[in-house]
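The following note sets out points for a colleague who is examining the model. Please read it alongside the sequence and the coordinates.

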Amino acid sequence: MKTSCRALALIAGIMLCLVSLAAVPAHALDMSVGAIGWLSEWRPFFFPAFNEPGFASYDSIEKSGEKTMGEPKPLIGPVLGINFSPRWGLTMTGTYGDYGPVKKTYSGMASAIDFNGTNEIKASKLDVDATVNYNLTSVFKIFTGIKVFRYGFEEKRDIYESASTIHISYGVKGEMSGLMLGLGIGTTFRLFGNLYMLANVSANLLGGDAYYKETHYSQSGVPVATVVRPNKDIRDGNAGSWGGNGTIALAYYAESWSTTFTLGVRGQFIKYKISNKNLEQVGLTNKLDAFYGITFSAVYSFEL
C-alpha cells in the first residue's frame, strides 16, 4: 500500500514539475490570493458502524438511521493562483473543517434482556489541492492535479442493560487518508458585464490507507450480549479507489478592488475500495463518501 502511495505521489510530482518547467514565464506573473469556503453536508463512509448498537447480535432494536454528520458545516482555507502565461496556470487551495458532534440514542432487546444506549461521534476533514490549468480557448480549459486528504472520526458509546446495573463504555477512532490524482474540464461563460458562469467536472483516482481502533473500554458486571470490539488496530489500503467532483458557480469581478467573488454549489463523492474483512465485521460496510453544499470565495488579483 505504501508503495502504491509513493508511486502515485512520484507520478503526480513529475507531472506538475514538467508542466511548470514547460511554462516558464516570458512576462510578468499574474498572481491571485484569497480565501475559499465550502458550507457542506457530509454522508461519511463510517456511518453504518455508527448506526449500530455495538452488539454482535440482538433480538430487536429501535433506532434512528442517521445519514449525515449533523447540519452543514464550513470548510475554509486559503487559495493561491499563479498564471505563467495566458494559457498555463497553477492553483493551490487548502480547506479544513470539523463536523459534529452528532448524538443518537437507541433501545432494544438482546438475549431477552432490554438495553438502551447512546452513540456520539465527531469528525474532521482536511484537503490540500494543487491543480495545473491549461486554457484551450477563452471558454474551455482542462486541468489536472493532486489532492492530499485526511478524514478522521472519534466515537464514544455507552450501553446499559435496563434490568441491571451493567454499563459498558468504549470509544473508537478511525481515519481515511491518502493521495488523489484528478483530471477534468472546465468552462467559463460571460453572462454580461463582469458576471460569469463557471462549471467544472473531474474524475479522480485514489491511493491511501484506512485504520480503525479502540481507544478505551470499561464495563461493570457481565453483559448478556457480546460487544463488537476492534481489539487491535485494523488497517487497510484503498489503492484503486475512485471519485469525482463537480462545481457550478457564478463569479463577479469587482474591477475597482481587483477581486473576484464566486458563489455556487459543489459536490464530491469517493468510492473506497476496502478489502479488509475485519473492517466489515465492525460495521464499516459502506464504502461511499459524499460531500455536497454551497461553495464561495474571494480572490484578489495582482501582477508581479
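1. N133 belongs to strand β5, residues 113–135; strands are DSSP runs of E of at least two residues, numbered from the N terminus. The model is predicted: local features need pLDDT of at least 70 and side-chain atom pairs count only at pLDDT 80 or more, while totals for chains, interfaces and linings use all residues. Residues are numbered from 1 along each chain as its sequence is written, and side-chain values use heavy atoms, with hydrogens and water left out.

2. N133 counts as buried because its relative accessibility is 12% (buried is under 20% relative accessible area, exposed over 50%, partly exposed in between, with a 1.4 Å probe and protein chains only). Leaving aside residues up to four places away in sequence, its contacts (heavy atoms within 4.5 Å) include R87, W88, T91, K141 and F143. The C-alpha atoms of N133 and T91 are 7.7 Å apart, although 42 residues separate the two along the chain.

3. D158 is buried without a salt bridge, and K156, the nearest side chain of opposite charge, is 4.0 Å away. A salt bridge requires a side-chain nitrogen of Lys or Arg within 4 Å of a carboxyl oxygen of Asp or Glu. The side chain of D158 does make polar contacts with the side chains of H167 (2.9 Å) and S169 (3.3 Å).

4. The salt bridges number 6 by this rule. One of them joins the side chains of K103 and E120 at 3.8 Å, N to O; K103 is in strand β4 and E120 in strand β5, 17 residues apart. K103 counts as exposed because its relative accessibility is 57%.

5. The side chains of D127 and K147 also form a salt bridge, at 3.8 Å, N to O. D127 lies in strand β5 and K147 in strand β6, so this pair ties together parts 20 residues apart in sequence. Both D127 and K147 are buried. Salt bridges with shared partners join K125, D127, D129 and K147 into one network.

6. The peptide bond between G100 and P101 is cis, with omega about 0 degrees.

Notes:
Helix = DSSP H or I, 4+ residues; strand = E, 2+ residues; numbered from the N terminus. Lys, Arg positive; Asp, Glu negative; His and termini not counted. Polar contact = N/O pair within 3.5 Å; in protein donor to acceptor, adjacent residues only side chain to side chain.
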